[in-house]
Amino acid sequence: MTRSLSTTQPVRPGVVQQGISLLAYNTFRFHYQAEYFALAETLESLKELLAWANHQQLEVTIIGGGSNLLISADIRGLVIINQLSGIKSRELGNNRVSLTVAAGENWHHVVEHAVNQGWFGIENLALIPGTTGAAPVQNIGAYGVEVKDAIARVQVIDRISGDVYWVLAVDCGFAYRDSHFKGKWKDKYCITSVEFSLKKRSDFVLSYGGLANQITGDLSLLNVFRAVCKIRSEKLPDPNELANSGSFFKNPIVDPAKHDELKAAFPNLVSFPFGDDYKLAAGWLIDQAGWKGKKYQGVGVYEKQALVLVNYSEESAQALLALEAKIKASVFERYGVELEREPVQLPLLTTNPIDHGESIS
Ligand SMILES: Cc1cc2nc3c(=O)[nH]c(=O)nc-3n(C[C@H](O)[C@H](O)[C@H](O)COP(=O)(O)OP(=O)(O)OC[C@H]3O[C@@H](n4cnc5c(N)ncnc54)[C@H](O)[C@@H]3O)c2cc1C
């Protein structure tokens with residue numbers, strides 16, 4: 001394994017470098033460094049990098065597009081940016097098609113590709129930033145569809161042994177914004193490829209988020225895709241223009257008793273049945289608690305969607321962590337509901353964020 005001690009850009013595929021900023025690799029645009037850093041463009045290169053890190057007894061952190069991360073300190077060990085590429089498809093019987101996508105492929109391009117081919121199943125997940133390899137990690141979802149419903153199996157590399165094998169979707173522990181890749185397999189596997197099973201006949205899910213009303217023209221795959229893209233671009237900030245990581249909190253799940261109690265106190269409460277329980281709209285809770293559009297130091301709550309926290313000018317995550325703590329405390333005080341963060345914090349912190357006690361404007 002070649003190792004470069006250069007502290008300057010540009011980064012070079014397959015080469016371990018030091019002193020590389022992670023600014024370009026997280027959509028919150030926080031400015032922290034990786035102790036060691038490498039881009040993996042092929043499976044062979046990924047294997048070599050993992051073997052090198054094992055040999056050096058270094059921790060490994062995998063990053064895709066960095067759009068679901070809250071980096072809050074320099075990261076020790078080796079940070080690998082997954083850029084594995086390649087897409088292939090094959091016909092299955094029963095009006096189904098198999099689409100196998102390497103983990104570093106851009107997710108939205110994969111959705112576009114499927115739509116262009118006339119393959120149904122992931123069109124509601126258009127414009128979600130990031131890589132295909134990260135999609136199973138938190139089981140990405142939007143407009144009533146979760147990616148688990150289209151996944152057949154996931155290819156992984158064991159980070160220690162370097163063995164590569166396939167895990168069936170049913171064994172991945174998929175749940176609401178969750179999977180074993182986020183939990184018990186977090187440090188065990190890196191996802192290298194995902195196989196989807198898509199449909200060649202229409203099977204639209206249109207009942208969420210006003211999607212049905214936004215479709216112009218015929219009810220076609222392309223028009224559903226276009227409607228999703230339109231709604232999302234109107235509602236969510238583009239991370240290339242305003243740093244953010246999408247929804248900052250998960251929608252809380254409450255039992256029927258808590259739901260009834262909240263509904264009595266807040267008749268306009270926005271909630272959806274979720275199995276035997278109810279899912280509350282976290283954005284509504286935060287908005288109603290008065291946070292939409294508020295700024296705190298160089299960060300804030302997005303003016304069009306209270307679920308999204310944005311970074312206007314901070315280089316470190318401190319202000320954002322403090323704002324998060326304030327929002328959580330205020331929502332808990334008002335509704336008795338605990339908000340849970342969606343983005344993954346790297347590296348895991350054991351200390352509480354510093355609150356400078358400055359005012360919210
Ligand atoms: C504007 C905006 C809108 C968004 N909208 C949605 C939405 O509607 N629905 C939704 O579900 N999410 C949404 N997100 C969150 C994010 O886009 C998804 O979670 C996405 O899948 C993250 O992909 P990524 O490649 O950027 O992952 P990263 O942020 O790089 O990584 C996320 C986590 O996955 C791990 N990881 C990444 N790649 C691999 C791999 N190959 N193997 C193992 N672990 C890996 C990382 O270590 C990290 O823990 C949104 C984000 C933004 C910025």
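Biologist: Hi! Which residue in E13 is the bridge partner of Ile 157?
Modeller: Cys 190 is the bridge partner of Ile 157. Strands here (E, at least two residues) and helices (H or I, at least four) are DSSP runs, numbered from the N terminus. This is a predicted model, where local features need pLDDT of at least 70, side-chain atom pairs count only at pLDDT 80 or more, and totals for chains, interfaces and linings use all residues. Residues are numbered from 1 along each chain as its sequence is written, and side-chain values use heavy atoms, with hydrogens and water left out.

Biologist: Over how many bridges do E11 and E13 pair?
Modeller: Strand E11 (residues 151-158) and strand E13 (residues 189-199) pair over 7 bridges, in the antiparallel sense. Two strands count as paired if DSSP finds at least two bridges between them.

Biologist: And what order do the strands of that open sheet take?
Modeller: The order of its 5 strands is E7-E8-E13-E11-E12, with antiparallel pairing. Strand E7 (87-92) and strand E12 (164-168) are the edges, each pairing on one side only.

Biologist: Which helix packs on the sheet?
Modeller: Helix H2 (residues 107-117) does, touching E7, strand E8 (96-102) and E13. Contact means heavy atoms within 4.5 Å. The direction of H2 makes about 155° with that of E8; axes are lines fitted to C-alpha atoms, for helices over the stretch in contact, and angles run from 0 to 180 degrees between N-to-C directions.

Biologist: New topic: in the largest nonpolar core, which residues touch the most other members?
Modeller: Phe 37, Ile 286 and Ile 327 do, out of 47 residues. A nonpolar core is a set of buried Ala, Val, Leu, Ile, Met, Phe, Trp, Tyr and Cys residues joined through side-chain atoms within 4.5 Å. Buried means under 20% relative accessible area, exposed over 50%, and partly exposed in between (1.4 Å probe, protein chains only).

Biologist: Where does this core lie?
Modeller: Domain 1 (3-82) and domain 3 (243-346) both give residues to the core, so it lies between them. Those bounds come from an automatic or database domain assignment.

Biologist: What about Arg 177, buried or exposed?
Modeller: Arg 177 is buried, with a relative accessible area of 13%. Its phi is near 50°, a positive value in a residue other than glycine, and Arg 177 sits in the loop between E12 and E13.

Biologist: Last one: which peptide bond is cis?
Modeller: The bond from Leu 346 to Pro 347 is cis, with omega near -25°. Pro 347 lies in the segment after strand E21 (344-346).
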